[in-house]
Amino acid sequence: MASSACDVHKTSEPQNGEEGKVKFEDKLKTLDKGDFWTPPVNLYRYEGFWFFPDFLEGIMLAQEQFKSHPNDIILCTAPKAGTTWIKALAFAILSRHGYDFSSNPLLTTISHECVRYIEVDYIRNWTKRDPEIPLLATHMPYTSLPKSVMDSGCKIVYVGRDPKAVLVSLWHFLLKLGRKDKVQFPIEKAHELFCEGVSSYGPYWDHALGYWKASLERPNNVLFFKYEDMKRDPCSHVKRLAEFLGTPFSGEEEADAAVEKVIKLCSFETLSKLEVNKTGHIDSPSMPLANNLFFREGESKDWVNHLSKEMAERIDRISVEKFKDFGLSFDVPTEQE
Ligand code: PAP
């Protein structure tokens with residue numbers, strides 16, 4: 001175990017210097033632009049998906065420079081689909097032999113600092129992995145992953161979520177982030193653009209479908225989880241995740257309730273009440289973000305309070321159209337669940 005599993009490791013890999021910035025700004029000028037989500041910052045369309053410039057710059061850098069190792073494990077999500085949770089679960093599983101559950105770094109550090117984003121942290125020249133916890137994360141679409149991720153044969157874990165829950169979570173996140181005014185930032189407009197695919201890392205449906213197809217084509221490399229299924233049956237998901245990551249729970253561990261301990265440590269109830277997650281901050285490319293922004297409801301049912309019947313039906317129709325030929329669906333939890 002490295003001295004601090006959540007340390008950021010710096011290397012002398014290529015830097016994102018002023019020269020890189022000029023090149024990037026020139027490239028931005030050639031791309032389609034969309035506004036509304038966080039003006040005056042635009043979204044830009046690149047390789048069929050929409051990105052904020054800070055993240056896009058990181059993606060382009062990663063595509064040029066990121067070197068994947070065969071033992072990397074890359075946690076992939078669209079924003080608001082379950083990133084904070086899957087990072088915590090994978091970290092808890094891989095760190096369980098190095099830390100007691102009562103002293104796990106997740107109790108004092110948000111999972112975003114334990115598992116770094118490729119496109120965010122690569123900008124800071126972070127490239128070394130802890131060999132015992134070789135976790136990285138990204139929101140990049142499957143088709144935009146750096147070539148070395150494909151070539152290395154490393155493992156990828158994706159979490160998808162019901163698009164209605166993703167939209168509502170994203171809308172709340174941006175309201176809290178500064179778009180405080182629901183008049184200027186109405187859910188109706190957010191819904192319209194989300195349905196058109198114009199949202200951060202959207203179209204959401206294409207994002208999920210890319211990883212879904214990859215999980216069917218390369219099942220030994222790509223594991224696809226659904227947020228709502230994880231909520232319904234965390235036990236089988238944690239066991240499956242541990243197997244996929246190459247560290248299955250032993251009979252002795254199961255008898256000692258290690259699976260349940262991982263679930264409890266990473267639960268919304270536990271993480272959202274920790275001091276670090278109530279009062280701490282993380283760095284992001286443009287500004288520090290309060291950790292509590294990543295913990296709101298922790299369920300996929302709240303959309304009924306924000307989307308009209310017609311809005312929900314439109315999203316469901318797109319899901320059917322986009323997913324039906326590939327056997328993908330997100331089952332919406334009922335009120336009873
Ligand atoms: P990110 O992609 O911006 O990092 P991400 O973690 O995917 O964020 O999104 C936050 C959502 O995950 C929030 O959903 P909500 O707005 O619908 O409530 C948040 O509450 C939820 N979340 C965070 N931690 C957990 C957890 N441990 N278990 C379940 N859901 C969680």
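Reader: Does Glu 275 count as buried or exposed?
Author: The model is a predicted one. Glu 275 is found in helix α15, residues 275–279. The cut-off for exposed is over 50% relative accessible area. At 51% relative accessibility, Glu 275 therefore counts as exposed.

Reader: What distance separates the C-alpha atoms of Glu 275 and Leu 107?
Author: Glu 275 belongs to helix α15. Along the chain, Glu 275 and Leu 107 are 168 residues apart. Their C-alpha atoms are separated by 8.6 Å.

Reader: Is Ile 315 buried or exposed?
Author: Ile 315 has its place in helix α16, which covers residues 309–323. Buried means under 20% relative accessible area. The relative accessible area of Ile 315 is 0%, so this residue is buried.

Reader: Which residues is Ile 315 in contact with, leaving aside its neighbours within four places in sequence?
Author: One of them is Pro 163, which lies 152 residues from Ile 315 along the chain, with 7.1 Å between the C-alpha atoms.

Reader: How are helices α11 and α13 placed relative to each other?
Author: Two packed helices are described by the angle between their axes and the distance between the axes. For α11 (residues 234–244) and α13 (residues 258–266), the axes are 10 Å apart and the angle is about 105 degrees. Angles of 65 to 115 degrees count as roughly perpendicular. The two helices, α11 and α13, are therefore roughly perpendicular to each other.

Reader: Where on α11 do its buried residues lie?
Author: The buried residues of α11 are His 237, Val 238, Leu 241, Ala 242 and Phe 244. Seen down the axis of α11, they fall within an arc of 160 degrees, so they line one face of the helix.

Reader: Which elements do the buried residues of α11 pack against?
Author: The elements that the buried residues pack against are α3 (83–94), β7 (155–160), β8 (222–226), α10 (227–232) and α13.

Reader: Which residue just after α11 takes a positive phi?
Author: Helix α11 covers residues 234–244. Just after α11, a positive phi of about 85 degrees is taken by Gly 246.

Reader: How many residues apart in sequence are the parts that Tyr 158 and Phe 224 tie together?
Author: A search of the whole structure finds 14 aromatic pairs. Tyr 158 and Phe 224 form one that is tilted, with 5.1 Å centre to centre and 35 degrees between the planes. Tyr 158 lies in strand β7 and Phe 224 in strand β8, so the parts tied together are 66 residues apart in sequence.

Reader: Do Tyr 158 and Phe 224 count as buried or exposed?
Author: Residues under 20% relative accessible area are buried. Tyr 158 is at 0% relative accessibility and therefore counts as buried. Phe 224, at 12% relative accessibility, also counts as buried.

Reader: Which residues form one aromatic cluster?
Author: Tyr 158 and Phe 224 form an aromatic pair. The cluster includes both of these residues. Its members are Tyr 142, Tyr 158, Tyr 211, Trp 212 and Phe 224.

Terms used: Residues numbered from 1 in each chain as written. Predicted model: local features only at pLDDT ≥ 70, side-chain atom pairs only at ≥ 80, totals over all residues. Heavy atoms only, no water. Axes fitted to C-alpha atoms, helices over the stretch in contact; angles between N-to-C directions. Helix = DSSP H or I, 4+ residues; strand = E, 2+ residues; numbered from the N terminus. Parallel < 35°, antiparallel > 145°, perpendicular 65-115°, else oblique. Buried < 20%, exposed > 50% of the residue type's maximum accessible area, 1.4 Å probe, protein only. Arc of directions from axis to C-beta. Contact = heavy atoms within 4.5 Å. Phe/Tyr/Trp six-rings, centres within 6.5 Å; stacked < 30°, edge-to-face > 60°.
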